[in-house]
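Have the model open as you read.

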Amino acid sequence: MSEHDAGDRLAPLRHEHARLQQSMADPALHEDAARARRVGRRYAELEGILEAAAQLDATRADLETARELEELGEGDEELAVEAEQLAARLTAQREHLEDLLAPRDPDDARDVILEIKAGAGGEESALFAAEMLRMYRGYAETQGWRVEVLTSAESDLGGLKDVTVAIAARGAGGPGAGVYAHLKHEAGVHRVQRVPVTESQGRIHTSAVGVLVLPEADEADESDVLAEAMTPANLRIDVFRSSGPGGQSVNTTDSAVRITHLPTGVVVSCQDQKSQLQNREQALRILRTRLLDARRAEQEAQSSATRRSQVRTVDRSERIRTYNFPESRVADHRTGFKAGNLAQVLAGDLGDLIASSRDAERAARLAEARAGTDQERS
């Protein structure tokens with residue numbers, strides 16, 4: 001990316017940043033909470049880009065000064081070392097700014113609804129699904145994120161047949177720091193190879209767990225794009241008696257809620273909370289997210305774009321990652337990355353695995369952006 005190209009792309013972003021800054025100072029903006037969040041999200045994204053550009057400009061100025069002093073013969077060995085360090089920093093900052101300016105997934109700054117479903121492998125798969133939930137909890141903790149279980153179903157041996165959680169960042173941040181930017185590549189089939197606790201002869205079994213990651217819809221989406229879909233006439237809400245472990249109200253009151261979206265047939269059930277109102281709010285939260293994802297998938301299909309790869313069937317052959325217990329190894333089949341620290345990964349040390357997927361996406365987006373620029377010039 002040349003300095004001229006960067007300047008051309010930064011100019012409109014500076015104007016937008018100034019306009020949003022004025023909007024945020026207007027008390028009227030904060031009367032609409034959904035719009036205020038949307039403006040705040042975009043402002044944080046632009047703030048990160050312009051801060052990176054300012055750091056790049058400062059480093060470039062320092063390097064020019066150092067080189068001018070060298071040319072005038074006023075430099076010494078220490079100044080020459082400093083100039084080399086500044087040149088290296090300038091290269092890194094230029095790459096960072098190029099990354100921020102590259103086309104990116106518009107959902108990267110969002111929080112997520114993450115679903116884990118046991119698949120092939122029966123009870124062993126359910127046990128590993130529970131381990132995966134602990135893994136994502138551990139990773140979320142290292143990032144300072146909140147994890148909230150929305151709905152779950154346990155297996156006979158204490159595993160999880162399926163579980164849905166909301167993972168949210170604390171406060172606004174740029175798209176690169178969003179939960180979805182980190183976790184979207186976790187979607188797919190995760191294969192585990194180990195000797196199950198139910199295996200008496202020590203044979204290694206292969207099981208599969210499916211993970212679905214959706215960018216969470218919010219009130220702004222409901223008012224902007226889901227208003228018609230979420231009208232009361234399109235929703236059938238049934239209440240029923242909860243089953244399974246829970247508080248005092250479980251099995252004694254009709255606190256569980258099932259919501260059916262009549263136009264699409266999407267059904268969401270929640271019974272983990274103690275009150276009917278809480279279960280209703282959780283179910284609506286999941287429903288909004290699923291409808292928003294379906295709407296975007298339809299739009300992408302209409303424009304002949306490839307929808308992001310997610311779970312189709314929880315089958316052992318459709319795997320994105322394998323967790324091999326006998327060899328204490330984790331392998332990502334999309335990027336080729338391998339890690340020999342299985343125990344640490346399952347404790348939440350997912351940084352390197354996630355970075356390999358993010359780096360691959362970044363490289364693809366940068367290549368796409370450069371190809372588009374070259375095409376425009378030709």
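Are E124 and R194 buried or exposed? Both of them are buried. Keep in mind that you're looking at a predicted model, so the distances here are computed from its atoms. E124 and R194 form a salt bridge, with 2.4 Å between the closest N and O atoms. The two partners sit in distant parts of the chain: E124 belongs to helix α4 and R194 to strand β4, 70 residues apart. Side chains of opposite charge can pair when their charged atoms come close.

That pair brings us to the sheet. It's an open sheet of eight strands with mixed pairing, and the order runs β2-β3-β1-β5-β4-β9-β10-β11. At the edges you'll find β2 (146-154) and β11 (338-339), each of which pairs on one side only. Strand β10 (residues 329-332) meets β11 in the antiparallel sense over two bridges, and there V330 stands opposite A339. Helix α4 lies across β1, β2, β3, β4 (188-194), β5 and β9 (319-324), and runs at about 45° to β5.

Now for the nonpolar side of things. The largest nonpolar core has 34 residues, and the members touching the most others are L114, I116, M132, I167, L183 and Y323. Several elements each supply at least two residues to this core, among them β1 (112-118), β3 (160-168), β5 (205-215) and α9 (351-377). The largest share, nine residues, comes from α4.

Helix α3 (residues 77-101) has 25 residues and reaches 36 Å from its first C-alpha to its last, close to the 36 Å expected at 1.5 Å a residue.

Back to charges: how many salt bridges are there? The count comes to 19. One of them joins E16 and R42, whose closest N and O atoms are 2.9 Å apart. E16 is in helix α1 (residues 3-24) and R42 in helix α2 (residues 33-71), so this pair links distant parts of the chain, 26 residues apart. E16 is buried, with a relative accessible area of 17%, while R42 is partly exposed at 26%.

Another salt bridge runs between E186 and R321, with 2.8 Å between the closest N and O atoms. E186 lies in the loop between α5 and β4 and R321 in strand β9, so the pair ties together parts that are 135 residues apart in sequence. E186 is buried, and R321 is too. There's a network as well: salt bridges that share partners join D105, D108, K184 and E361.

One last stop is a hairpin. Strands β7 (residues 256-261) and β8 (residues 266-270) pair in the antiparallel sense over five bridges, with C270 in β8 as the bridge partner of V257. Four residues lie between the two strands, and in the turn G265 has a positive phi of about 80°.

Definitions and conventions:
Residues are numbered from 1 along each chain as its sequence is written. Side-chain values use heavy atoms; hydrogens and water are left out. A nonpolar core is a set of buried Ala, Val, Leu, Ile, Met, Phe, Trp, Tyr and Cys residues joined through side-chain atoms within 4.5 Å. Buried means under 20% relative accessible area, exposed over 50%, partly exposed in between (1.4 Å probe, protein chains only). Two strands pair if DSSP finds at least two bridges between them. The expected span of a helix is 1.5 Å times one less than its number of residues. Contact means heavy atoms within 4.5 Å. Axes are lines fitted to C-alpha atoms, for helices over the stretch in contact, and angles run from 0 to 180 degrees between N-to-C directions. A salt bridge is a side-chain nitrogen of Lys or Arg within 4 Å of a carboxyl oxygen of Asp or Glu.
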